[in-house]
Amino acid sequence: MIGGLLFLWACAPVLPKTPEVEPAPKTYGEWTNADTTNSGTISWRNFFTDKHLLSLIDTAMLYNPDLQIANQRVLMANAELLRSKAAMIPTLNANLSPAIRRYGLYTMDGAGNISTFIQPGKIVPINLPDIYVGLQSSWEADVWGKLRSRKKAATARWLASNEGRNWMTTQVVSNIALHYYELQALDNMLRIVDETIVLQENALNIVQVQKEAAAANQLAVEQFAAQLLNTKAIKTQLQQQVVDHETALQLLLGKFPGTVVRDTANYLTTAVPAMQTGVPAMLLQQRPDIRQATFLLEATKMDVQAARAAFLPGFNITAAFGYQAFQPNLLFRTPESMAYALAGSIVAPLLNRGALKAEFASANARQIEALYQYQQTVLTGVAEVYNEMKRLQNLEQLYQQRNEQATVLTTSIETASALFRSGRATYLELLINQQNALQARLEVIAAKKQQWQTSVNLYKALGGGW
C-alpha cells in the first residue's frame, strides 16, 4: 500500500517554471533623485483644497454606481473565502430519516428476515419501518495541502478585490476632478468670450457710425458683424460643453443631469500643487492596480498547487451517531437503539487523470497570464508617471509663454482701437488684433486646464485617491 502511494506521488506533475519578472527601474528616466516621498500617499481629502470639489467626491463615495459594484465584488470574494475556510473543517449534519423498506423474499435479506424475530414472538415484517435520528460528520484530511492552497487563493482574490475597489476609487476621484477643472476652465472661457463680445459690439457700433459719416464702407460693417457672430457661436459651443461635462459629472455622482456648484474666481491664480514622485519601486506598494495584479498572481500560484494536489490520494473520514428503530416508541431506548459508524477511506484518481491534467494545464496557463498581466501593469504605471511628469514640466513653460502672449495682445487691443478711431489703423488690423487676443486668452486658460488635469493624472498614476 505504501508503495502504491509513493507511486501515485511520483506520478503527480512537477510544478512548472514561470518566466522571470523584470524588476521595476530605479528611477524615472532622467530623474535620478531618490526622493522617498510620494504624492500618491496623500489622501484626496488633503490633496484637493476646493471645498466644492471635495463635496462632489464625498457624494460619489456614497452613490457612484461603479463603487457600489466594486463593493459587491468584495462581498462575493469574501463569501468565497469563507467557503474555502469552511471546506477545511469537518461537516456536521443533523439527520432525521423516516423510511419503509421491503426486501425481496428471494434475497438474502428477505429470506433471512422471514424467519427472524425482531421482538420476542414477532417476525420481522415484510414492510419494515426504519426511523433514524442522529448526527453525521465527514472530514477530508488535507494531507497534501490542497484545501490550504484553495484557501490561500481565495484570500488572495479577496485582497485583490479590495485593491480593485481602491483602484476604482482612484479613478472615480480623478475623473470627478478632471471634469470639475474642465468646468472651471469653460466658465473662465465664457467670461473672456463675454468680455470680447462687449468689445466687438463697441467696435461694430463705431464702424457703423463711421459708415454714416462716410469714413468706412459696408464691407467693414459686415466684417465686424461676422466676427461678432463667430464669437457668439464660440460662446454657444462652450455652453454646450458645460452641459456635457456637468452631465458626465452628475453620472459619476450617481445622479441625474443637473447643474454643478463650483468656484471659478481664482482658477488662474491658484497654483497647481507641487508633486513628489518618489522612486518607481514605491508604485508596487502604492498603486492599487499593481497590488491587485500582485494578489491575483499569488492566487494563480495557489491554484496550480491545488491542481497538482488533486492528483494525490485523498483521505476521508466519516462518522455517524444516533438512534435507529422500527417503531417510534422504541427509538430512544439506550443502548438498544443506539447506532453509530466510523469509517476512513483513501481515494486516488485513476481513470479521471486526463481531466486533472487539463485542469492543471489550465491553472498553469492562468498563472503565466497573471504574471504577464502583472508585468504589463507595472510597465504601464511607470510609463504613466514618466509621461505625466514630463508633461507637467513642459506645461509650466507653456503656460508662462501663453500668458505673456495674451498680455501683449490684450494690451494691444486698446492701442488698435485708439488707432482705428483716429483713422491710423484699418478695420482689418483691428479685427485681426481682437481675434488674436481672444484666441490667446483662451489658450492661456487651456494651458492652465492642462496643468490641473496633468497634476490629477499624475496623482492617479502615483496611486493616490483611495
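Among the elements that line the largest pocket, helix α4 supplies the largest share, six residues. The structure is a predicted model, in which local features need pLDDT of at least 70, side-chain atom pairs count only at pLDDT 80 or more, and totals for chains, interfaces and linings use all residues. Residues are numbered from 1 along each chain as its sequence is written, and side-chain values use heavy atoms, with hydrogens and water left out.

The largest pocket holds about 410 Å³ of space. Of its 21 lining residues, Glu80, Ser84, Arg150, Ala153 and Asp303 are the closest to its centre. At least two lining residues come from each of α4 (65-86), α6 (146-212), α9 (288-309) and α10 (353-421); helices (H or I, at least four residues) and strands (E, at least two) are DSSP runs, numbered from the N terminus. The lining comprises eleven nonpolar, one polar and nine charged residues, where Ala, Val, Leu, Ile, Met, Phe, Trp, Tyr, Cys and Pro count as nonpolar, Asp, Glu, Lys and Arg as charged, and the others, Gly among them, as polar.

On a 1 Å grid over the protein atoms alone, a pocket is an open set of points with protein on both sides within 12 Å along at least five of seven lines, whereas a cavity is a set where a 1.4 Å probe fits but cannot get out; lining residues have an atom within 4 Å of a point. Volumes are the space filled by probe spheres set on the points, which are joined across faces, edges and corners. Two cavities of 30 Å³ or more are found in the whole structure. About 80 Å³ lies in the largest cavity, which is lined by Tyr103, Leu105, Gly110, Asn113, Ile114, Val124, Pro125, Ile126 and Leu128. Seven of these lining residues are nonpolar, two are polar and none is charged.

An open antiparallel sheet is formed by four strands in the order β1-β4-β5-β6. Strands β1 (91-102) and β6 (338-347) are at the edges with a single partner each, so one side of each has no neighbour in the sheet. Strands pair if DSSP finds at least two bridges between them; β5 (residues 314-325) and β6 pair in the antiparallel sense over ten bridges. Asn316 is placed opposite Ser345 in β6.

Aromatic pairs number ten, counted for rings of Phe, Tyr and Trp (its six-membered ring) with centres within 6.5 Å; planes under 30 degrees apart are stacked, over 60 edge-to-face and the rest tilted. Phe321 and Tyr323 form an edge-to-face pair, at 6.4 Å centre to centre and 65 degrees between the planes. Phe47, Phe48 and Tyr459 are linked into a cluster by ring pairs.
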